[in-house]
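Trainee: I would like to learn how the terms used for a structure follow from its values. Could we go through them with care?

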Amino acid sequence: MLRRAFFALFASSAVFADSAPDLGLTPEMLHGILRDAAAKIEARHGSERPEAEKLVERIEAILGIEPPPVREGDRAQAIAEGMHLINLDASAKSSLGGFRGYVFDGSQTGCLQTYHDLEKLDTKDADEVLRWIDMHRAAEELDWDDKAALCKQRAIGAARALVSREPKNPTAQVLLASALDWDDDSGPETLAALKTALKLDPKHPMATAKVLLRRIHMALEAAATRQPAALDERGIDTMRPLYDRPLSAEEVTAFEQELQALGKEVDQLLAIASERRDLGGFLHGAMLRLELRKSLLAAMASQKRPPDISFEAFAGEVSQRQIMQIFIVLDNAALFGRAIELSGANAEAVGTLAMLHLVGQMMDRATEGSEPSEEQNARMKAVTERLVQIARADDSLNAARAAEAVCIIGMVRVMMDQKPEHIDMLPRTLQLDPLRHRTLGFLAAAAMTLKEKRDVTAAAAMTLQLAALPGLPTRKLAAAGAAKIGDYDTALRLLDDCAKEKPGDLMILHQRIATLLRQSQSKATIKKATLLYGDITPDTVIEKTATLDKADRQTFLHTYLLLKPETQTASELLTKLLDVQVLDESSANDVRKWMEK
């Protein structure tokens with residue numbers, strides 16, 4: 001089961017593409033902005049971090065580079081071209097989730113930014129608990145296990161202290177439950193905190209939502225395992241039992257009736273949260289509607305499971321269908337409209353809802369081929385204009401987040417073959433918050449629209465992102481940009497740093513192989529690149545790549561098939577990968593095409 005609904009708009013497929021919309025930008029315009037941003041970053045961080053040292057000088061050098069010409073017709077070069085920027089993630093990953101009910105930027109760089117920003121804050125009481133909860137979420141997303149564990153303990157300690165000081169504050173109890181989150185053996189304490197909150201305030205939206213969420217999960221667990229589940233336990237992943245013992249039609253009907261009863265309680269929660277103007281409670285109610293849909297979908301998929309499908313394929317198909325449910329929930333005009341009303345001038349909340357709604361339209365267009373309705377277009381236009389008003393109201397960080405959201409909406413519109421509006425929001429974001437990673441990412445995205453000096457402009461923007469926010473995601477990004485403009489020494493040095501930070505990471509290995517192939521397609525280089533695979537052989541590659549997410553796994557396997565095995569072995573492995581459904585037919589056809597060359 002997915003822990004939360006999300007979307008991710010990845011620019012990697014469009015970055016450095018041959019065609020891009022004409023936004024009327026010129027190299028001179030963007031280079032001026034880059035130089036100004038470099039000066040600000042160097043002034044702020046030049047003395048404290050090597051990534052920002054002599055930044056202005058380095059940006060000037062990058063802008064003066066003539067990238068190497070693309071060599072056509074070579075098999076290894078074509079492989080390299082197809083993977084050289086695979087790690088470039090100029091993404092917007094917004095979701096319903098977290099204590100507030102929304103996460104404005106849950107991308108890796110967004111989590112990196114969140115952690116660094118919160119680390120510097122001096123907070124107290126409820127804000128202190130929320131700070132540690134948010135830092136824990138960010139650290140988990142970044143796979144910082146030690147930091148995540150520390151932040152969780154700090155959150156629990158701060159929440160217990162808050163409850164001790166304010167024992168009759170129901171929100172303090174909910175914060176304690178959120179910090180504990182049913183983890184390890186904390187189920188009884190989590191449930192006790194929620195019961196205390198509801199005793200203090202029987203209609204408390206957040207406490208009600210958290211108990212309802214556990215009850216929905218309990219219902220699915222009981223259906224999947226044919227055993228009763230306990231309210232004070234964290235629960236289990238139900239995908240395996242749903243696969244191993246498919247539900248009968250009668251069991252699905254009984255489960256659906258149970259969900260309908262829970263759904264009535266969810267509707268009551270939404271009404272109470274709306275009446276109290278509690279945005280967080282209302283969005284948690286929306287998430288419960290999502291959980292109801294996801295749970296029913298999983299149960300129905302279990303009943304209809306083909307007998308010959310693998311567990312991995314079954315779980316993947318269910319997860320893909322579950323992702324779309326968030327967009328169906330938010331396409332409800334009444335729910336979406338009330339959520340926007342409750343958000344008021346909160347730019348991050350409005351922006352999250354707007355981005356989720358629009359990307360839902362984009363995904364529906366991609367899968368169903370249907371264009372947005374007039375009502376959907378009118379809804380998005382009204383929300384976008386609201387964000388523009390917030391962005392122009394003052395010079396606060398809230399205004400900066402509004403301008404940021406409008407820029408992302410513009411990016412999505414481009415992906416839907418629509419003309420972006422409010423291009424002036426790009427310089428507005430740079431004016432209001434020039435050191436933010438996503439603001440600088442917009443510069444890289446804007447560079448893709450240039451007809452001249454596109455690559456060096458984008459690479460310079462990526463270098464600024466690394467200087468402003470050093471970390472594994474921005475280091476991989478800067479390495480990709482350096483490789484594109486032929487600065488292989490810098491690219492490989494940055495990848496060395498990445499490998500030290502995260503040893504054994506397969507996608508860092510993948511990027512290193514790509515960089516080597518871009519640098520040279522000599523027999524010696526190809527041999528060196530293939531040796532980097534080490535103990536990843538045709539016999540072990542399925543097992544070794546099992547921990548990668550679906551997109552990364554397909555990318556890794558695609559390149560491995562073309563580079564590592566002999567043609568006959570690769571053909572046999574390709575058949576095996578298709579049989580176990582870890583490679584899709586489109587990627588397989590692409591591999592076959594190159595095998596024939």
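Trainee: Why is Asp535 called partly exposed?

Mentor: This is a predicted model, in which local features need pLDDT of at least 70 and side-chain atom pairs count only at pLDDT 80 or more, while totals for chains, interfaces and linings use all residues. Residues are numbered from 1 along each chain as its sequence is written, and side-chain values use heavy atoms, with hydrogens and water left out. A residue is buried under 20% relative accessible area, exposed over 50% and partly exposed in between, with a 1.4 Å probe and protein chains only. Asp535 has a relative accessible area of 48%, so Asp535 is partly exposed.

Trainee: What makes the contact of Asp535 with Lys544 a salt bridge?

Mentor: The term asks for a side-chain nitrogen of Lys or Arg within 4 Å of a carboxyl oxygen of Asp or Glu. The closest N and O atoms of Asp535 and Lys544 are 3.1 Å apart, and therefore the pair qualifies. Lys544, with a relative accessible area of 36%, is likewise partly exposed.

Trainee: How do you know that Asp183 and Arg234 form a salt bridge, and which parts of the chain does the pair link?

Mentor: Their N to O distance is 2.8 Å, so the pair meets the 4 Å limit. The two residues are 51 residues apart, with Asp183 in the loop between H7 and helix H8 (187-200) and Arg234 in the loop between helix H9 (205-225) and helix H10 (239-244); helices here are DSSP runs of H or I with at least four residues, numbered from the N terminus. Asp183 is buried at 19%, whereas Arg234 is partly exposed at 41%.

Trainee: Why are Asp433 and Arg401 called buried?

Mentor: The relative accessibility of Asp433 is 16% and that of Arg401 is 8%, so each falls under the 20% limit. Asp433 forms a salt bridge with Arg401, with 2.6 Å between the closest N and O atoms. Asp433 lies in the loop between helix H18 (425-432) and helix H19 (437-447) and Arg401 in helix H17 (residues 397-415), so this pair ties together parts 32 residues apart in sequence. Both belong to a network of salt bridges that also links Asp105, Glu404, Arg436 and Arg438.

Trainee: How many salt bridges does the structure hold?

Mentor: The structure holds 35 salt bridges, and the pairs of Asp535 with Lys544 and Asp433 with Arg401 are among them.
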